[in-house]
Amino acid sequence: MAEFLTEQDKRTCYCAELSEKDIGKEVCVMGWVQRQRDLGALIFIDLRDRTGILQLAFDNESDPEVFEKAFGCRSEYVVLAHGTVRPRGEGALNPNLKTGAIEVFVKSMKILSAAQTPPFEISDSKKVKDETALKYRYLDLRRPELQKNIKMRHDIARVAREYYYENGFYEIETPMMIKSTPEGARDYLVPSRIHKGCFYALPQSPQIYKQLLMLSGFDRYIQIARCFRDEDLRADRQPEFTQIDLEMSFATQEDVMSMNEGFIARCFKEVLGVEIELPMQRITFADAMNRYGSDKPDVRYGMEINDISDLVKDCGFSVFTSAIENGGSVRAIVAKGAAATLTRKEIDKLTEHAKGIGAKGLAYIRYVDDTPNCSFAKFMQPEELEAIMDRIDCRKGDVALFVADKNKVVLPTLGALRTILAKKLDMIPEGKFAFLWVTEFPFFEWNEETGSWDAMHHPFTMPMEECLPYLESDPGSVRAKAYDMVLNGTELLSGSIRITDWQLQEKMFNALGITKEDIEKKFGFLVDAYKYGAPPHGGSGMGLDRLAMVMSGADSLRDVVAFPKVQNASELMSQCPSPAEAKALADLGIAVVEENEIEV
């Protein structure tokens with residue numbers, strides 16, 4: 001039978017808060033049994049709570065009833081122990097534990113809850129299948145690594161609130177059920193029982209509301225905001241996520257960026273004890289794509305992209321020349337000292353990967369012996385090949401990879417290969433945090449499926465003033481006052497300066513092909529609001545989950561989110577989503593139709 005916690009049972013401290021300075025103290029601790037060791041006349045219990053592990057000791061001087069309880073304890077029992085802190089015996093020190101020099105000799109004990117044998121050991125050293133771990137997530141969360149990650153996530157949120165409060169921001173909640181507006185991903189819809197046939201949307205971000213708060217005169221807004229996007233999952237994406245969301249009135253792009261830099265510097269200092277050098281590096285979107293093949297480049301290592309189009313535009317290799325004639329380019333990356341690792345077989349694997357991204361193939365130079373092995377050498381003059389190798393700095397021991405096509409294929413392909421090679425060749429330095437800002441994003445991006453222009457960020461982003469004349473004549477050249485913060489190849493933050501002129505906002509809607517009827521239907525309230533005096537403003541949304549993931553060194557958001565979804569957006573522990581009861585659907589005026597009954 002479990003024993004009950006009474007008003008007299010007061011925990012005096014957490015397990016790992018005790019140290020040698022507490023020797024002689026009477027303490028009361030509570031937690032889970034990590035393991036029990038029965039040595040006959042001596043029993044040890046490793047007691048675990050969120051701070052760590054503490055050894056409890058029982059011997060022939062213990063009360064027989066207490067000793068018997070200790071004998072009956074098993075893994076994951078929940079116990080209360082009252083006793084005296086004492087030094088461990090000679091030769092029994094554990095340097096791997098914070099409390100490894102002490103133990104508690106237990107005088108009284110309660111078993112608050114017995115436990116069945118868990119489906120896996122609660123330990124970071126034991127690997128458990130993801131499906132099992134997520135099914136029993138409440139057990140998985142007891143692991144020290146996940147406990148540490150969740151605490152780090154809490155610490156980041158705490159520092160965020162403290163920092164932004166100190167800088168004059170108000171924390172204001174925005175609605176969770178809102179009007180559906182185009183934000184780039186599918187909305188999660190919430191049916192209305194009262195307004196049958198009508199739906200709320202869960203917010204993809206608080207974007208419109210935080211802009212309205214600036215129009216309302218609150219000047220500086222902050223929110224640890226829950227956001228929802230119905231899109232395919234990956235390691236750094238969940239259908240529901242949290243962002244540190246802010247907006248500032250009377251602020252320039254540099255004001256917003258500097259404010260976020262200050263938070264990052266303080267966060268890394270307080271949470272990790274790491275100094276971040278400010279200001280962070282800034283590069284334009286065009287520069288990021290041309291040098292790294294990505295708008296969120298990892299700059300902890302080199303291997304930048306080289307453009308050799310001018311060297312090969314008249315060469316005898318038709319793959320290169322035709323790409324240039326069709327408005328594309330020929331570019332390369334060089335893996336220094338990789339010739340021994342990147343065998344022909346490995347290069348063939350990289351070629352297949354490049355084809356999977358969209359490239360037609362992959363040319364290469366593998367410089368192992370005195371003469372480089374070049375896949376296109378027979379089409380080139382010796383001096384042409386020498387000029388290429390000089391341009392890209394390809395030397396003996398190196399491997400160069402070339403892609404020829406339209407830039408929209410060449411750059412992301414080489415960017416992806418650069419990332420693969422960096423991991424394969426162990427080029428990424430451990431413990432380094434490389435921040436940068438990517439600025440001047442294109443305002444528009446061409447949608448091949450719809451044959452129209454979409455907003456790369458969102459339609460409320462301010463174009464750069466010098467680009468305004470090209471809104472209608474050359475949308476592809478319009479750059480935006482948009483900025484992303486990138487850390488080690490992960491986008492942490494996205495933000496922009498907002499349009500505050502309602503006539504310009506209407507012009508942007510028109511450029512995106514949004515009709516006056518749709519503007520009124522979807523954004524009429526926002527356009528009207530701008531007619532009553534709007535301060536210049538801008539803001540950002542920083543992914544709290546992603547920041548915690550990078551800071552903790554985790555491989556996936558699952559390791560920093562308490563109850564994550566898997567790739568098909570289900571949650572294995574509670575088995576949601578699940579069918580709704582017929583009455584609930586009837587109240588909402590909703591009928592569930594089988595997929596084969598749907599008319600397209």
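Me: Which residues of strand 2 sit on each side, and are they buried or exposed?
Reply: This is a predicted model. In strand 2, Ile-43, Ile-45, Leu-47 and Asp-49 are on one side, and Phe-44, Asp-46 and Arg-48 are on the other. They are all buried, so both faces of the strand are covered.

Me: How many of the residues of strand 2 are buried, then?
Reply: 7 of the 7, over residues 43-49. The strand is therefore largely enclosed by the rest of the structure.

Me: What does strand 1 do with strand 2?
Reply: Strand 1, residues 26-38, pairs with strand 2 in the antiparallel sense, over 6 bridges. Arg-37 is the residue opposite Phe-44 of strand 2.

Me: And the turn of that hairpin, how many residues are between the strands?
Reply: There are 4 residues between strand 1 and strand 2, and Gly-40 in this hairpin has a positive phi near 85°.

Me: How many bridges join strand 2 to strand 3?
Reply: 7 bridges, with strand 2 and strand 3 (residues 52-58) running antiparallel. Ile-45 has Leu-56 of strand 3 as its bridge partner. These two strands also form a hairpin, with 2 residues between them.

Me: Switching to helices. At what angle do helix 4 and helix 6 pack?
Reply: About 135°, with the axes of helix 4 (residues 144-166) and helix 6 (residues 253-272) 9 Å apart. That angle makes helix 4 oblique to helix 6.

Me: Is the crossing left-handed or right-handed?
Reply: Helix 4 passes helix 6 in a right-handed crossing.

Me: Which residues make the contact?
Reply: From helix 4 they include Met-152, Ile-156, Val-159, Tyr-163 and Glu-166. From helix 6 they include Met-259, Phe-263, Arg-266, Glu-270 and Leu-272.

Me: Different topic. Where does Lys-583 lie?
Reply: Lys-583 is in helix 16, which covers residues 582-588.

Me: Why is Lys-583 called exposed?
Reply: Because its relative accessible area is 58%, and the cut-off for exposed is over 50%.

Me: How many residues apart in sequence are Lys-583 and Leu-233, and what is the C-alpha to C-alpha distance?
Reply: Lys-583 and Leu-233 are 350 residues apart in sequence, and their C-alpha atoms are 32 Å apart in space.

Terms used:
Residues are numbered from 1 along each chain as its sequence is written. This is a predicted model: local features need pLDDT of at least 70, side-chain atom pairs count only at pLDDT 80 or more; totals for chains, interfaces and linings use all residues. Side-chain values use heavy atoms; hydrogens and water are left out. Buried means under 20% relative accessible area, exposed over 50%, partly exposed in between (1.4 Å probe, protein chains only). Two strands pair if DSSP finds at least two bridges between them. Axes are lines fitted to C-alpha atoms, for helices over the stretch in contact, and angles run from 0 to 180 degrees between N-to-C directions. Angles under 35 degrees count as roughly parallel, over 145 as roughly antiparallel, 65 to 115 as roughly perpendicular and the rest as oblique. A crossing is left-handed if the near helix is turned anticlockwise from the far one by less than a right angle, and right-handed if clockwise. Contact means heavy atoms within 4.5 Å.
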